[in-house]
Amino acid sequence: MLLETSRLVLRRFRPDDAPALSAYRSDPAVARFQGWTAPVSLDSAAALVEEFAAGDPDRPGWFQYAIEEKAEGRLVGDLGVRLHENLMQADLGFTLAGDRQGRGYASEAVRAVLDDLFGSRGLRRVSAECDARNTRSARLLERVGFELEGRRPAFTWLKGEWTDDLLFGLLADRWQRLTGPGTALPA
């Protein structure tokens with residue numbers, strides 16, 4: 001286990017995660033605003049799990065956390081962090097199984113990772129992007145403290161169409177103000 005919340009464990013991927021990863025990444029609604037195309041075969045998911053498990057969260061590049069729901073002990077999503085070469089900033093992205101959306105799990109996982117990045121690891125900035133049509137992800141980012149920093153019109157060619165990207169950023173000092181003693185972010 002790398003990180004833990006009241007309801008979730010954020011850990012490395014294991015080989016037995018491949019069927020769950022294949023299932024939620026094969027859901028067209030989950031894949032809609034993501035860079036992959038559904039369905040994701042079990043073989044492809046197994047290769048991804050192997051790649052994710054080999055990652056190192058302390059080195060520059062992407063590290064993918066497996067999001068496990070404690071109550072059922074099952075994989076319900078993943079959260080990626082791309083640590084920059086300077087080790088002072090990162091990008092993040094997240095995916096949650098459709099049947100687990102709307103329960104606050106993604107917010108809980110993102111907050112745990114932000115606490116680690118800003119608190120334990122001393123990063124200065126975390127950034128995130130999302131498709132402008134993905135209003136749920138945009139609202140989640142704002143809810144946990146990210147600020148909208150810009151919009152890139154027709155920036156990404158995704159699944160046969162040009163899409164606008166929203167750019168979000170969060171600085172360490174803002175995170176400290178939002179999460180310091182006597183403050184509480186909305187769920």
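This dialogue explains how to read several features of a predicted model.

Reader: On what basis are the values given?

Author: This is a predicted model, in which local features need pLDDT of at least 70, side-chain atom pairs count only at pLDDT 80 or more, and totals for chains, interfaces and linings use all residues. Residues are numbered from 1 along each chain as its sequence is written, and side-chain values use heavy atoms, with hydrogens and water left out.

Reader: How many helices and strands does the chain have, and what pattern do they follow?

Author: Helices (H or I, at least four residues) and strands (E, at least two) are DSSP runs, numbered from the N terminus. Here the chain has 6 helices and 8 strands. Their order along the sequence is β-β-α-α-α-β-β-β-α-β-α-β-β-α.

Reader: What does the radius of gyration of the chain say?

Author: The radius is taken over C-alpha atoms, and the globule rule is 2.2 Å times the number of residues to the power 0.38. For 187 residues, a compact globule would have a radius near 16 Å; the chain has 16 Å, which agrees. The C-alpha trace spans about 45 × 40 × 35 Å along its principal axes.

Reader: What share of the residues counts as buried, and what share of the contacts joins residues 24 or more positions apart?

Author: Buried means under 20% relative accessible area, exposed over 50%, and partly exposed in between (1.4 Å probe, protein chains only). In this chain of 187 residues, 47% count as buried. Contact means heavy atoms within 4.5 Å. Of the contacts with a separation of 6 or more, 61% are between residues 24 or more positions apart.

Reader: Which residues touch the most other members of the largest nonpolar core?

Author: In soluble globular proteins, nonpolar side chains tend to be buried together. A nonpolar core is a set of buried Ala, Val, Leu, Ile, Met, Phe, Trp, Tyr and Cys residues joined through side-chain atoms within 4.5 Å. The largest core has 37 residues, of which Leu79, Leu92, Leu114 and Phe146 touch the most other members. Helix 4 (residues 105-120) gives the largest share of this core, 8 residues. Apart from this core lies another, of 14 residues, including Tyr24, Val40, Val49 and Phe52.

Reader: What does Leu79 touch beyond four places in sequence?

Author: Leu79 touches Phe63, Gln64, Tyr65, Ile67, Gly93, Phe94, Ala109, Val110 and Val113, when residues up to four places away are not counted.

Reader: Which residues of helix 1 are buried, and what covers them?

Author: In helix 1 (residues 18-25), the buried residues are Ala18, Leu21, Ser22, Tyr24 and Arg25. Their cover includes helix 2 (28-31), helix 3 (42-53), strand 3 (61-69), strand 4 (74-83) and strand 5 (89-96).

Reader: Which peptide bond is cis, and where do Leu87 and Ala154 lie?

Author: Most residues other than glycine have a negative phi, and most peptide bonds are trans. The bond from Ala38 to Pro39 is cis, with omega near 0°, and Pro39 is in the loop between helix 2 and helix 3. Leu87, in the loop between strand 4 and strand 5, has a positive phi near 60°. Its relative accessibility is 41%, so Leu87 counts as partly exposed. Ala154 lies in strand 7 (residues 147-158) and has a positive phi of about 45°. Ala154 is partly exposed because its relative accessible area is 43%.

Reader: Is Leu3 buried or exposed, and what is it in contact with?

Author: Leu3 belongs to strand 1 (residues 3-4). With a relative accessible area of 13%, Leu3 is buried. Leaving aside neighbours within four places in sequence, Leu3 is in contact with Leu8, Val9, Leu10, Tyr65, Ala112, Val113 and Asp116.
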